[in-house]
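Please examine the structure shown below. The paragraphs that follow lead from an annotated span to one helix and then to the aromatic rings around it.

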Amino acid sequence: MIAALKGFTQQLVPVNGIKINAVTGGSGPPILLLHGWPETWWEWHHVMPLLAEHFSVVAIDLRGAGFSDCPQGGYDKATMARDAHEVMVALGHERYAVCGHDIGGMVALPQAAIYRQTVTHLAVLDVPLPGWTGWEATTAKLWHFSFHMNRDLPERLIHGREYDYVSTFMAERFYDHSSFDPLDIEIYAKAMALPGRTRGGMEWYRTLAADHAAALEYKKQRLDIPVLGLGGDQRFGAQMAPMLKEFATNVTGGSIARCSHYVADERPDEVAAALIAFLKIN
């Protein structure tokens, strides 16, 4: 099954030596959406039509996921940020907002830090960020970080069991299970089962020590653009704004009630409303 969304088109965009799958629709000021693990651009499929009423929406599959290429290297978040930035430039967007969830948030922050003259707004959803003072203590409690960092072992154990792993992993991080759609999980699992994609997703974690070191440098020149931090009240919501204040001077945000990690899946209306208000007011 190839995920498709009414009113949006997909294309492979050549950037940074690879091809990135980009899904586009709507009109107005541009916003880029970056997904997390173990998802694809489809993470945003409930949010995108709501945003498209106000904005030109671009959602991509990150390097190593979905229908984007999965090369041997380049999974540090600065390189992935270059992928994303070059997609927006190739699509004709000279200035744009960026919103990232989970690993996508780890890409969005360096994107804003590196391309300061281009990124107008930054939103980060429910993720501990490399460079944060609480990074080591928080990630030490997240078992999957260590597991995914292991070379080859996750790929061997997950192979042929993609649906089992993705469904169990995500169910553990949903608060409202009425919003947990097995058809979505099937899309993510089938994407992970494509050649090289399980390895691609693991590589996102294997670069985190380098990403942490790079992010410490970003903090030396804090962002002055508007920054939004949101998360589920059952996950990282309360920590998002204080965390982002280490990287930026103009931060707002907070928690989404009755929600855990997968905020765009569980509470798409609230996420879209928060992004619309954030982008229109600032």
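UniProt positions are given here in the numbering of this structure, feature names are shortened, and annotations may be inferred rather than shown by experiment. The model is predicted, so local features need pLDDT of at least 70 and side-chain atom pairs count only at pLDDT 80 or more, while totals for chains, interfaces and linings use all residues. Residues are numbered from 1 along each chain as its sequence is written, and side-chain values use heavy atoms, with hydrogens and water left out.

According to an unreviewed UniProt entry, the annotation "domain: AB hydrolase-1" covers residues 29-268. Helices (H or I, at least four residues) and strands (E, at least two) are DSSP runs numbered from the N terminus. The span 29-268 is 43% helix and 18% strand, and its end C-alpha atoms lie 20 Å apart.

Within helix 7 (residues 162-171), the residues E162, Y165, V166, S167, F169 and M170 are buried. Buried means under 20% relative accessible area, exposed over 50%, and partly exposed in between, with a 1.4 Å probe and protein chains only. The buried residues of helix 7 pack against helix 5 (143-149), helix 6 (153-158), helix 8 (182-192) and helix 9 (197-206); contact here means heavy atoms within 4.5 Å.

Aromatic rings come next. Rings of Phe, Tyr and Trp (its six-membered ring) pair if their centres lie within 6.5 Å; planes under 30 degrees apart count as stacked, over 60 as edge-to-face and the rest as tilted. Searching the whole structure gives twelve aromatic pairs. W37 counts as buried because its relative accessibility is 3%, and F169 counts as buried at 4%.

F169 also forms an edge-to-face pair with W143, at 6.1 Å centre to centre and 70 degrees between the planes. Because W143 lies in helix 5 and F169 in helix 7, this pair ties together parts that are 26 residues apart in sequence. W143 counts as partly exposed, at 41% relative accessibility. One aromatic cluster is formed by W37, W135, W143, F145, F147, Y165, F169 and Y205.

A charge sits over a ring if NZ of Lys or CZ of Arg is within 6 Å of the ring centre and within 35 degrees of the ring normal. The charged end of R173 is placed over the ring of F169, 3.7 Å from its centre.
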